[in-house]
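Dear colleague,

Please find below the structure that I am handing over to you, together with its sequence. My findings follow directly after it.

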Amino acid sequence: PLRASVAACHLAVAPAAAPFSPERDLLRPVRRENRAMSRRRHRDENYDQPSKKRKVSIAERLESLIWKVGEKSLFSLESRIEGLAGVLEADLPNYKSKILKLLCTVARLLPQKMTIYTTLVGLLNARNYNFGGEFVEAMIRQLKECLKANLYNEAVYLVRFLSDLVNCHVIAAPSMVAMFENFVNVTQEEDVPQVRCDWYVYAFLSSLLWVGKELYEKKDTEMEHILSTVETYMKRRQKTHVPMLQVWSADKPHPQEEYLDCLWAQIQKMKKDHW
């Protein structure tokens, strides 16, 4: 009885059916049919039109392959680098300038994948010796451009990239030592801002982390002279800016170190441990 009364209540409040309307009820099927025909006609027209998918050029394909190498894949990183080296080698005759420009760009903008690209350049150099020389020349030009444009962080990335090319047998160790010697000699110039000397010393020390062992094995005397010059500079270097930049003033549990002093201490420790 309770269910019947509830049902009765619902029926009682239900709205009455709308009266018959010829215009509304007779034309409704026609309108539905017209909409269906319109959808079919639109679909048929799109089917008849030629595909609008844009073809990817070879240059764009090369750019995509270079930028994406090292990303997550089902294949091993070694196989992907070797495969990309084969593709680039085949396209060098027609797209050498494009490939050089792309590799210089990723060396400057993707430092987190530096070792991937230095390995790739090493493989290309082994297959095409002239390409390795042209790439190093392009990198040196880009390094000079970054320094002129005050892009000092990107310039450091390029110096590190060049130093790792020694490990890939693209740049000879004596050539890299000569470059580092020129960097460090800036500290002996007169009437130059300390920030200029700091940058060249930092670029050298931060790159030495990658290639110190290789350089010491082949040019130990020259490297000892360079590090001796750096040590002399570090002793006479002014540090009046440190108190202003300190985050905390207490020396416990560990005193806050200046960035170049900290890096120099790490290099000395690595040298003591034979890199």
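Glu257 sits in the loop that runs between α11 (242–245) and α12 (259–272). The model is a predicted one, and in it Glu257 has a relative accessibility of 44%, so this residue counts as partly exposed. Gln246 is eleven residues away from Glu257 along the chain, and 8.7 Å separates the C-alpha atoms of these two residues.

Helix α4 deserves a separate paragraph. This helix covers residues 77–109, 33 residues in total. A straight helix would reach 48 Å at 1.5 Å a residue, yet the end C-alpha atoms of α4 are only 20 Å apart. A bend of about 110° is found in α4 at Tyr95.

I turn next to the aromatic residues. The structure contains nine aromatic pairs. In the case of Phe131 and Phe135, the ring centres are 6.4 Å apart and the planes lie at 20°, so this pair is stacked; the cut-off for stacking is an angle under 30 degrees. Both residues belong to helix α6 (residues 129–148), where Phe131 and Phe135 are four residues apart, or about one turn of the helix. Are these two side chains' residues, Phe131 and Phe135, buried or exposed? Phe131 is buried, and Phe135 is buried as well.

Finally, one aromatic cluster is formed by Tyr152, Phe183, Trp199 and Tyr200.

With kind regards

Key: Residues are numbered from 1 along each chain as its sequence is written. This is a predicted model: local features need pLDDT of at least 70, side-chain atom pairs count only at pLDDT 80 or more; totals for chains, interfaces and linings use all residues. Side-chain values use heavy atoms; hydrogens and water are left out. Rings of Phe, Tyr and Trp (its six-membered ring) pair if their centres lie within 6.5 Å; planes under 30 degrees apart count as stacked, over 60 as edge-to-face and the rest as tilted. Helices (H or I, at least four residues) and strands (E, at least two) are DSSP runs, numbered from the N terminus. Buried means under 20% relative accessible area, exposed over 50%, partly exposed in between (1.4 Å probe, protein chains only). The expected span of a helix is 1.5 Å times one less than its number of residues. The bend at a residue is the angle between axes fitted to the seven residues ending there and the seven starting there.
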